[in-house]
Amino acid sequence: MNETWQLIETTMNENPAPIQNENVCYEFNLTGDNPSVKQLILANGTAEVSDDTSTKADCKLTLSSKDFMKLLAGELNSTTAFMFGKLKVDGSIGLALKLEGVLKEYKF
């Protein structure tokens with residue numbers, strides 16, 4: 001799973017256009033086979049993935065590792081996942097929806 005996070009960070013930093021105007025901290029609480037807690041901090045066209053969760057997250061997302069991979073691949077719609085209880089959001093639901101659009105730009 002760490003390779004996935006490294007891919008996210010590298011890909012976003014190599015093509016910063018979709019995150020150019022973002023200034024947000026997402027926290028992912030992944031459950032299931034590969035449980036972990038990570039933060040994705042988007043600030044002024046840069047992306048940073050961190051194990052340190054001391055930064056106050058604007059949006060916390062809880063979902064299984066399996067569903068996270070589906071979300072990255074564009075195989076899982078965040079709205080549908082939320083409605084069926086596969087995705088829990090603490091904080092701005094608008095930011096969670098915006099994240100889905102950003103991820104689609106990268107085609108992970």
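F84 counts as exposed, at 66% relative accessibility, where exposed means over 50% relative accessible area, buried under 20% and partly exposed in between (1.4 Å probe, protein chains only). The structure is a predicted model, in which local features need pLDDT of at least 70 and side-chain atom pairs count only at pLDDT 80 or more, while totals for chains, interfaces and linings use all residues. Residues are numbered from 1 along each chain as its sequence is written, and side-chain values use heavy atoms, with hydrogens and water left out.

F84 sits in the loop between α3 and β5 (88-91); helices (H or I, at least four residues) and strands (E, at least two) are DSSP runs, numbered from the N terminus. Together with F82, M83, I93 and L97, F84 makes a nonpolar surface patch of about 560 Å². Two or more residues of this patch come from each of α3 (78-83) and α4. Patch members have over 30% relative accessible area and no salt bridge, with nonpolar side chains (Val, Leu, Ile, Met, Phe, Trp, Tyr) joined within 5 Å and like charges within 9 Å. Accessible areas follow the Shrake-Rupley method with a 1.4 Å probe, and for residues only the protein chains shown count as cover.

E22 pairs with K98, their closest N and O atoms being 3.2 Å apart. Because E22 lies in the loop between α1 and β1 and K98 in helix α4, the pair ties together parts 76 residues apart in sequence. E22 is buried, at 8%, whereas K98 is partly exposed, at 42%.

K38 meets D51 at 2.4 Å, N to O. This bridge links strand β2 to the loop between β3 and β4, 13 residues apart. Here K38 is buried, at 8%, and D51 is exposed, at 56%. E100 and K104 form a salt bridge at 3.8 Å, N to O.

Key
Salt bridge = Lys/Arg side-chain N within 4 Å of Asp/Glu carboxyl O.
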